[in-house]
Amino acid sequence: MKLIIQANKNFAQCLHHLMKSIGAVLLISLGTCIPLITQAQETPPFVINDKEDFGNLVRDYLLENPKVIIEVIEILDQQAAQNQAQEEAAIIELYSDQLFNDKDSWAGGNLNGPITIVEYVDYRCGFCRRAHPVMKSLLQDRDDIKLIIKEFPILSEESIVSSRLAIAVLQLAGPETYKNVHDQLITLDSPITEEFVNGIAMQIEIPQGELENKMFDESVDSVIYSNQFIAADLGINATPTFIINNKIYRGYLEKDELLAIIDEG
């Protein structure tokens, strides 16, 4: 419903700008042509008496030239996209340290690479799972990329538990162990059970009770809340979402699409 309302608002705005734009064109055209007609035919000039006359004139013009509406809408859409990109770039700059130098999120690839990709991930997101081998292949092929994973559980309770487990492992056992657990979580098809958490604790040689306590520690809460807060300011509400070259790309991207974005700078 919100999308429909927003679409109607956008269309109404487009028509408003359209009426103003076409009105200006018509007035200029009429102002140029009418004296010539008057001189040639010696007839009284055409006068727009009221708003109704003007509205009818615009309506007739649009009916005869419907492509004008499409052209104006396309221009307005382009302008809106440019404005949105500029606004997003400004917010990214505002949070640049938290996004690109975050000590609470896992970073892999070339940590000193000139290109940084930030990926917002939900472990229960099907498209995040599709993106996982793509990102892995990208890091294998390119040695100039740093990848930062932002835990962003938004789909379900299972998502939240998974992110809590991953963050707890990162804080207790470090980035290499986190990467191993991350790979397991992103490919897990079953629910997160106590047995699964116990198995992770055994893998990383940490008592299960300690791992479970860490999962609900304030330090883990802080990471999730911080990610959610910044995402809200950036208008990120779905996964996967990528930040590349100070631009936001929402949704799954194929490897060739990622490479094209990276290389265009």
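Tutor: Start with a term: two strands pair if DSSP finds at least two bridges between them. Helices (H or I, at least four residues) and strands (E, at least two) are DSSP runs, numbered from the N terminus. This is a predicted model, where local features need pLDDT of at least 70, side-chain atom pairs count only at pLDDT 80 or more, and totals for chains, interfaces and linings use all residues. Residues are numbered from 1 along each chain as its sequence is written, and side-chain values use heavy atoms, with hydrogens and water left out.

Now the hairpin of S4 and S5. Two residues lie between these strands, and Asn-245 there takes a positive phi near 55 degrees. Strand S4 covers residues 241-244, and S5 covers residues 247-250. The two run antiparallel, joined by four bridges. Ile-244 has Lys-247 in S5 as its bridge partner.

Look at the side chains of S4. Thr-241 and Ile-243 point one way, while Phe-242 and Ile-244 point the other way.

Next, move to S2. Four bridges join S2 to S4, and these strands run antiparallel. Tyr-120 stands opposite Thr-241 in S4. S2 is mostly covered, with seven of its seven residues buried. Ile-115, Ile-117, Glu-119 and Val-121 point one way from S2. Thr-116, Val-118 and Tyr-120 point the other way.

S2 also pairs with S3. Here seven bridges join the strands, which run parallel. Thr-116 stands opposite Lys-146 in S3.

The buried residues of H7 are Tyr-178, Val-181, His-182, Leu-185 and Ile-186. Seen down the axis of H7, they fall within an arc of 130 degrees, so they line one face of the helix. That arc is of the directions from the helix axis to the C-beta atoms. An α-helix has 3.6 residues a turn, so residues three or four places apart point the same way.

Notes
Buried means under 20% relative accessible area, exposed over 50%, partly exposed in between (1.4 Å probe, protein chains only).
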